[in-house]
Amino acid sequence: MAGRDESTLTGLTLLGNQHTEYKDTYNPGVLEAIDNLHTKRDYFVKFNCPEFTSLCPQTGQPDFATMYISFIPDQKLVESKALKLYLFSFRNHGDFHEDCVNIIMNDLIELIEPRYIEVWGKFTPRGGLSIDPYCNYGKPGTKYEQMAEHRMLNHDMNPEKIDNR
């Protein structure tokens, strides 16, 4: 069984770096990709970030969320430490919830060109109202485009109850 060797990790600047610098402004430049060694099969990669934070662009108040990112890779994967630092870079970034999920998805599409990707932000309520934006994308002209349409049309068909958040 073939595994990942050092040659597949060339060019990474964050993984294994003993001193991690946490940016305090939105920084898509911190994202890094690695080769997908399993391009002949479809599989999901799922990241859950339960400590996502951004700022309301109107009030400057912090918004907290669990950010769910799921994708079917093609040639590239996002390197997880880089993704963590990228998500942390939203901490002092002012954008609406809907913008945050779309920005994250767009940046990852640009970086890794996945077959399919979805991003779902489950924000904690503020003022008695939670906002949970969802976006997805499937590579145009492929079965993944149809998958994206199906998942969008059938997304969140069973709304959650207040006690299971």
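Modeller: Tyr68 is partly exposed, for its relative accessible area is 30%. In this scheme a residue is buried under 20% relative accessible area, exposed over 50% and partly exposed in between, as found with a 1.4 Å probe on protein chains only. This is a predicted model, in which local features need pLDDT of at least 70 and side-chain atom pairs count only at pLDDT 80 or more, while totals for chains, interfaces and linings use all residues. Residues are numbered from 1 along each chain as its sequence is written, and side-chain values use heavy atoms, with hydrogens and water left out.

Trp120 is also described as partly exposed, at 21% relative accessibility. Aromatic pairs are counted for the rings of Phe, Tyr and Trp (its six-membered ring) when their centres lie within 6.5 Å; planes under 30 degrees apart are called stacked, over 60 edge-to-face, and the rest tilted. The model has nine aromatic pairs by this rule. In one of them, the ring planes of Tyr68 and Trp120 stand at 55° with the centres 6.5 Å apart, so this pair is tilted. Because Tyr68 belongs to strand S3 and Trp120 to strand S5, the pair ties together parts 52 residues apart in sequence. The names of these elements follow DSSP runs, numbered from the N terminus: helices are H or I runs of at least four residues, and strands are E runs of at least two. Ring pairs also join Tyr26, Phe52, Tyr86, Phe90 and Phe123 into a cluster.

Asn27, which is found in the segment before S1, touches Tyr86 and Ser89, leaving aside residues up to four places away in sequence. From C-alpha to C-alpha, Asn27 and Ser89 are 5.8 Å apart in space, although 62 residues separate them in sequence.

The charged end of Lys46 is placed over the ring of Phe44, 5.6 Å from its centre. Arg91 lies over the face of Phe88, and here the distance to the ring centre is 4.9 Å.

Charges can also meet each other. Side chains of opposite charge can pair when their charged atoms come close. A salt bridge is a side-chain nitrogen of Lys or Arg within 4 Å of a carboxyl oxygen of Asp or Glu, and the structure holds eight of these bridges. One of them joins Arg115 to Asp42, with the closest N and O atoms 2.6 Å apart. Arg115 is in the loop between helix H2 (97-112) and strand S5 (116-123), and Asp42 is in the loop between strand S1 (33-35) and strand S2 (45-55), so the bridge ties together parts 73 residues apart in sequence. Arg115 counts as buried at 10% relative accessibility, whereas Asp42 is partly exposed at 35%.

Asp42 forms a salt bridge with Lys143 as well, and there the closest N and O atoms are 3.3 Å apart. This pair links distant parts of the chain, since Asp42 is in the loop between S1 and S2 and Lys143 in helix H3 (residues 143-153), 101 residues apart. Lys143 counts as exposed, at 52% relative accessibility.

Lys139 and Asp74 form a further bridge, their closest N and O atoms lying 2.8 Å apart. Lys139 is in the loop between strand S6 (134-138) and H3, and Asp74 is in the loop between strand S3 (62-72) and strand S4 (76-78), so these two tie together parts 65 residues apart in sequence. Asp74 is buried, with a relative accessible area of 17%, while Lys139 is partly exposed at 21%. Asp42, Asp74, Arg115, Lys139 and Lys143 are linked in a network of salt bridges.

The loop between H2 and S5 also holds Glu113, which is exposed at 52%. Most residues other than glycine have a negative phi. The phi of Glu113 is positive, near 45°.

Helix H2 contains Ile109, which counts as buried at 19% relative accessibility. Not counting residues up to four places away in sequence, Ile109 touches Pro114, Ile117 and Tyr137. Ile109 and Tyr137 are 28 residues apart in sequence, and their C-alpha atoms are 8.6 Å apart in space.

Conventions: A charge sits over a ring if NZ of Lys or CZ of Arg is within 6 Å of the ring centre and within 35 degrees of the ring normal. Contact means heavy atoms within 4.5 Å.
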